[in-house]
Amino acid sequence: MGERYDLVVVGAGPGGSSAAYYASKAGLKTLLLDRQEFPRDKPCGDGLMPHAAGEVAMMGLGDWLDEPHHGRFTGFSIFTRTAEIRQDVPPTLHGPHGYVIRREETDLKLLERAQAAGAEFLPRTRATKLLRSPAGEVTGLAAANGAPVDFAAPLVVVADGVGGFESKMKAHQNAVARRQYFRGVDGPNKEDIQVFMTEDLNAEGAGYGWVFYLGDGRANVGAGVSTRALAKTGRNLKDFFDRFLEEPKIAEWLRDAEPEGPAKSWSLKMGMWGAKTSGQGVMTVGDAASLIHPISGEGVGYAIESGRLAAAWSREAHNRKDFSASVLSGYARQLRRQRAREHLSGHALVNLFPNMDLAEPLFKACEGDRGASRALVESFTGDAPVYSLLKHPATFAAALKDVVGSRLRG
Ligand SMILES: Cc1cc2nc3c(=O)[nH]c(=O)nc-3n(C[C@H](O)[C@H](O)[C@H](O)COP(=O)(O)OP(=O)(O)OC[C@H]3O[C@@H](n4cnc5c(N)ncnc54)[C@H](O)[C@@H]3O)c2cc1C
């Protein structure tokens, strides 16, 4: 067995770096490893919602957020087939805005914070399995970095994204998304992030396209759909993405734009659904815990938050010298208390509607009701559960009447 640690963290994305940062700050001897070398790219929309920006700032990166080449958005625009909804975003620690920052940069910064707090980082090291005693207790981690290597630790935080190296903790992916950078996108309201609920992306499932502006003349343009939409249509993600780029408004904005680099795809695990977040000697955070918001597709803030909570429970388990499933279930409970309302209600909404195009009357009704449109946007930004729309019964009833009417006519 190799060197002994208090905690080993698998994966140095936002979830893993956050867990390693907070655990190291709490005095735990922490090893953070990743199969890749950093800086590394991670296909993403690069959007940091206000709550995610708050988490980044809490890791000591508040000033860095405001660097001029970063995108800063103050509003959120949703374009649907029949409606246009716009709202200001809630405030961050720095003011009422969120950010758009390339993940290549964000993830390196977060990793550097973990290292500065004392975490040891090993790149190009792939976790292969949890090591357990004959009684089944976690004793460490087996990994490979050219040669097999073992690390001893009573606790492992799994932050390997959609990797799923530990099959007992693996959750299902339920969406896929693709993005590409463009220079010179010529759309209005560059201070907003723009979301497009197009008919093509929603006719047989749920999905949206986006244009998120960076601060350096580039934009991150992407589209994501539920795996249900792929299964029902037999189409692939590239086909959905290419058609999104041909939507009249997007084609017009992209008319003089130059692509930078290839489009890249990745899968998403959303809605906390089916995820096992704790067990004896182990906790999962971020995408490994299915912590992507099922409506917005946003996961960076939840990854950092869950890493912070997992570090607190790592510290607690060490204090008690008890790494049992029962102690660590406290982490799972805290995570549920914090996030289950918006994640599970979003998951239910996306799955109850056979396709999100049926929600079009709701978008249209929200357009004329400021309170309802705020609730809709807040369900995207992760600031309110989607059922807060029920607090606007007149709008909801009008939308329901339209849905039923169009179903009867159709
Ligand atoms: C196209 C797209 C657009 C998105 N847009 C947004 C957005 O705008 N805003 C937002 O907040 N979220 C967005 N998301 C979601 C967001 O990217 C994820 O929620 C986020 O990356 C989760 O962070 P994480 O730390 O859990 O995992 P990751 O960032 O995936 O990091 C996991 C790390 O684990 C490493 N790893 C994997 N397996 C192993 C192994 N066996 N051994 C060692 N290391 C391993 C990987 O190399 C990786 O570095 C988007 C996702 C996609 C696909």
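View 1. In an unreviewed entry, UniProt lists residues 5–164 under "domain: FAD-binding". In this predicted model, the end C-alpha atoms of residues 5–164 lie 22 Å apart, and the span is 26% helix and 32% strand.

**View 2. Helix α1 and the glycine that follows.** Helix α1 is made up of twelve residues, 14–25, and from its first C-alpha to its last it reaches 16 Å, which is close to the 16 Å expected at 1.5 Å a residue. After α1 comes glycine 27, which has a positive phi, near 95 degrees.

**View 3. The surroundings of α1.** Because eleven of its twelve residues are buried, α1 is largely enclosed by the rest of the structure. The buried residues include Pro14, Gly15 and Gly16, as well as Tyr21, Tyr22, Ala23 and Ser24. The elements against which the buried residues of α1 pack are the strands β1 (7–10), β2 (30–33) and β12 (156–158), together with the helices α2 (50–65), α3 (103–116) and α8 (300–320).

**View 4. Domain 2 beside domain 3.** The protein chain is divided into domain 1 (7–46 + 102–171 + 271–347), domain 2 (175–268) and domain 3 (354–408). Between domain 2 and domain 3 the C-alpha centres lie 23 Å apart, and the contact takes eleven residues from domain 2 and six residues from domain 3. About 630 Å² of area is buried between domain 2 and domain 3, with carbon and sulfur atoms giving 63% of that area, while the count of salt bridges between domain 2 and domain 3 is zero.

Note on methods. Residues are numbered from 1 along each chain as its sequence is written. This is a predicted model: local features need pLDDT of at least 70, side-chain atom pairs count only at pLDDT 80 or more; totals for chains, interfaces and linings use all residues. Side-chain values use heavy atoms; hydrogens and water are left out. UniProt positions are given in the numbering used here, feature names are shortened, and annotations may be inferred rather than shown by experiment. Helices (H or I, at least four residues) and strands (E, at least two) are DSSP runs, numbered from the N terminus. The expected span of a helix is 1.5 Å times one less than its number of residues. Buried means under 20% relative accessible area, exposed over 50%, partly exposed in between (1.4 Å probe, protein chains only). Contact means heavy atoms within 4.5 Å. Domain bounds come from an automatic or database domain assignment. Buried area is the accessible area (1.4 Å probe) that two parts lose on being put together, summed over both. A salt bridge is a side-chain nitrogen of Lys or Arg within 4 Å of a carboxyl oxygen of Asp or Glu.
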